[in-house]
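Biologist: I have a model on my screen and would like to learn how to read it. Could you walk me through it, one feature at a time?

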Amino acid sequence: MQLHRDRDKFAAAGARLVVIGQGTPEQAAHFRESLKLDFPIYVDQRREVYEAAGAKIATFDELLGPKMVARGGAVAAKLGVFQGKTVGHPAQLGGVLVVLPGDDIAYSHLSDDASDNPPNSEVLAAVKAVAPS
């Protein structure tokens, strides 16, 4: 939950963080409580939002290949965050979208592999670029 670490910066820029996951409402509530997240988590068990956004289904190498294991493992070890039980499609990749009122997409980063997340600074810059003055 990389974006959660900078939630105050996003709030100050006028953004509201929301997560869309693949699990059940009960699983989302457990996830939210166990990680002490303070933003909404919605569920999309049929993965329709993922498809509409263009998020891809990863290949084996994009999930567990040498590049992903090296990059993802180093980040996980540094942050002390490790993969828990997989919920939903195990190869479904995600992304980060900045969605404006009216459903316009101001920014989109769709993951190329399981460790691919944009830097918070990049997402925050996109938010600030479209924030009302």
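Modeller: Gladly! Let us begin with a loop: Asp-103 sits between S3 and strand S4 (105-110). Keep in mind that this is a predicted model.

Biologist: What is the phi of Asp-103 near, and is Asp-103 buried or exposed?

Modeller: When you read a backbone, look for positive phi values outside glycine. Asp-103 has one, near 70°. Its relative accessible area is 63%, so Asp-103 is exposed, the cut-off being over 50%. Arg-47 also has a positive phi, near 60°. You will find Arg-47 in the loop between strand S2 (41-43) and helix H3 (48-53), and with 23% relative accessibility it counts as partly exposed.

Biologist: Let me step back to the overall layout. How many helices and strands does the protein chain have?

Modeller: Count the elements, then read their order. Here there are six helices and four strands, arranged along the sequence as α-β-α-β-α-α-α-β-β-α. The chain has 133 residues, and 29% of them count as buried. Contacts tell you about the fold too: among those with a separation of 6 or more, 55% link residues 24 or more positions apart.

Biologist: Which residues have the most contacts inside the largest nonpolar core?

Modeller: The general idea first: in soluble globular proteins, nonpolar side chains tend to be buried together. In this model the largest nonpolar core has 15 residues, and Phe-10, Phe-39, Ile-41, Val-98, Tyr-107, Val-123 and Val-127 have the most contacts inside it. Strand S3 (95-99) and helix H6 (120-130) are the elements that each give two or more residues to this core. H6 supplies the largest share, four residues.

Biologist: Now a polar residue: is His-4 buried or exposed, and which side chain does it join in a polar contact?

Modeller: Check the cover first, then the partners. His-4, in the segment before H1, counts as buried because its relative accessibility is 10%, under the 20% cut-off. Its side chain makes a polar contact of 3.1 Å with that of Asp-38. Not counting residues up to four places away in sequence, His-4 touches Leu-17, Lys-36, Leu-37, Asp-38 and Phe-39.

Biologist: Last one: how many salt bridges does a search of the whole structure find?

Modeller: Four. For each bridge, read the distance and then the exposure of its partners. Among them is Glu-62 with Lys-56, at 2.8 Å from N to O; Glu-62 is buried at 18%, whereas Lys-56 is partly exposed at 28%. Another joins Glu-48 and Arg-46 at 3.5 Å, where Glu-48 is partly exposed at 45% and Arg-46 is exposed at 67%.

Definitions and conventions:
Residues numbered from 1 in each chain as written. Predicted model: local features only at pLDDT ≥ 70, side-chain atom pairs only at ≥ 80, totals over all residues. Heavy atoms only, no water. Core = buried A, V, L, I, M, F, W, Y, C linked by side-chain atoms within 4.5 Å. Buried < 20%, exposed > 50% of the residue type's maximum accessible area, 1.4 Å probe, protein only. Polar contact = N/O pair within 3.5 Å; in protein donor to acceptor, adjacent residues only side chain to side chain. Contact = heavy atoms within 4.5 Å. Salt bridge = Lys/Arg side-chain N within 4 Å of Asp/Glu carboxyl O.
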